Amino acid sequence: MEHMPSAAEMLGWIETVVGQGIRRPGYPADAWTEQWLAERLSGFGLEVSLEPVEVRRWQPGTGLLRLDDGTSWTGLPLPFTAPARSLRGRIARLADARPGDIVVDELTFTELPQSFVRTLATSAYDPEGSFDTLVQTIPFGPRMMEVVEPALAAGAAGFVGALTGLPWDTRDYYVPYDAIERPIPGLWLSGTDARRLLARLPCEGELIAESTLDTVTTHNVVATLPGASPHTVIVASHHDAPWASAVEDASGLALVLATARHWARVPARERPHNLTFLLTSGHMAHAAGTRAFIDRHRPELANVVLQLHLEHAALRCEAVDGKLVPTTDPEVRWWFTTRAPQLEKLVATTLEAEDLRRSFVLPPDVFSPMPPTDGAFFHPEGVPLVHFLSAPMYLFDSADTIDKVDVAGLEPLARAAVRIVAGTAGWTPAELRVAP
């Protein structure tokens, strides 16, 4: 594929975006990224538009837990929880809580044996046999986004999330990001600080969790190329992130850019279908950009042969002395694929052709009613899809830095995207659509 950018060029794109700073929806760095993406795609020769998306913009301020004995710890206010300049009261574990307490609850990330995931998969590409013993730490506890809900059910006035069960020491856990406004203030404390707090409970103290929440207009970046059929393939990712975030999802937007540049250099008659390249806003606000695109373009969705989502070229990390150390192995790769036999076969053969090891082909609803991707909302619309996603444990943390990007995987992943798009030549939406 002579039109494919090199890994070094893609890494340069990632570094450029990461260098702008935190890209939460509505932040200056994300607005800059929208314009930068539009300029890149226009420079490749695509027709580009910026479509407005209203999002809820959450911005944290001071986060502090201060005990009456003078001990204090800083933390990260929980996204979309109520602000508190000063909430005083009894601080207690969830199991010992009384109504009106500031409740402390510990979080442990879920350990997912890949031998179990293999029983759920349509197929797997694992030539090393790593799935026999590999256990993946995913970046959620058992309640996913609902970390505050048990405290709410107990009548808590405030919430402290104790990150004692994470493999490394951090307070920068950007969850929940579903844009649901919880009515009490919350704070994440690092495992080290939380263990010191737990040894003092119950006690009296003060919770400070300042934040602001407003509504702003952001943009989806939409770019198009004409092709050789009346149908459309959509290739997408998102441009916002919880932090400056290299893997989430500067790596995804680099893969979309690489795929767009390849097809822009191919004559229109050799493109299997019309192509739309979509980089959405507001993933960190309940996929606001994807939902807005669907609402705006719903009449066109029946003509979509495939929606291909590209998220997270990630290295697997290990925790060493409380810090994350990247390995040379890719994080487990999930390919959520509509249950259409020819599409599942196309993905499986592509993974082998590009040697994308540690990959599973999975049904879209294997873990939940929709795939756990930014493009999830295409699934209930019945749009045929292939969604690539890795879920490293650092995905929502400020530890998502350049050294975590799977640089060796960038070119094979981009080539895989091109192969999958090319493989749909001659296909129609009707033959791939199945009941969601």
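Which residues are linked with Asp329 in a network of salt bridges? The network joins Glu128, Asp329, Arg357 and Arg358. Keep in mind that this is a predicted model. Across the structure, the count comes to 28 salt bridges, and a few of them are picked out below.

**Inside the network**
- Arg358 and Asp329 pair through their side chains, with a salt bridge of 3.4 Å from N to O.
- Arg358 sits in the loop between α8 (341-353) and β18 (359-362), while Asp329 belongs to strand β16 (residues 323-330), so their pairing ties together parts that are 29 residues apart in sequence.
- Buried or exposed, where do Arg358 and Asp329 fall? Both residues are buried.

**A link between two helices**
- Arg261 and Glu9 also meet in a side-chain salt bridge, at 2.8 Å from N to O.
- This pair connects distant parts of the chain, with Arg261 in helix α6 (residues 246-264) and Glu9 in helix α1 (residues 7-18), 252 residues apart.
- Arg261 has a relative accessible area of 9% and is therefore buried, given that the cut-off for buried is under 20%.
- Glu9, on the other hand, is partly exposed, with a relative accessible area of 31%.

**The pair Asp295 and Arg298**
- Asp295 forms a salt bridge with Arg298, and their closest N and O atoms are 3.4 Å apart.
- Asp295 counts as exposed because its relative accessibility is 53% and the cut-off for exposed is over 50%.

Technical notes: Residues are numbered from 1 along each chain as its sequence is written. This is a predicted model: local features need pLDDT of at least 70, side-chain atom pairs count only at pLDDT 80 or more; totals for chains, interfaces and linings use all residues. Side-chain values use heavy atoms; hydrogens and water are left out. A salt bridge is a side-chain nitrogen of Lys or Arg within 4 Å of a carboxyl oxygen of Asp or Glu. Helices (H or I, at least four residues) and strands (E, at least two) are DSSP runs, numbered from the N terminus. Buried means under 20% relative accessible area, exposed over 50%, partly exposed in between (1.4 Å probe, protein chains only).
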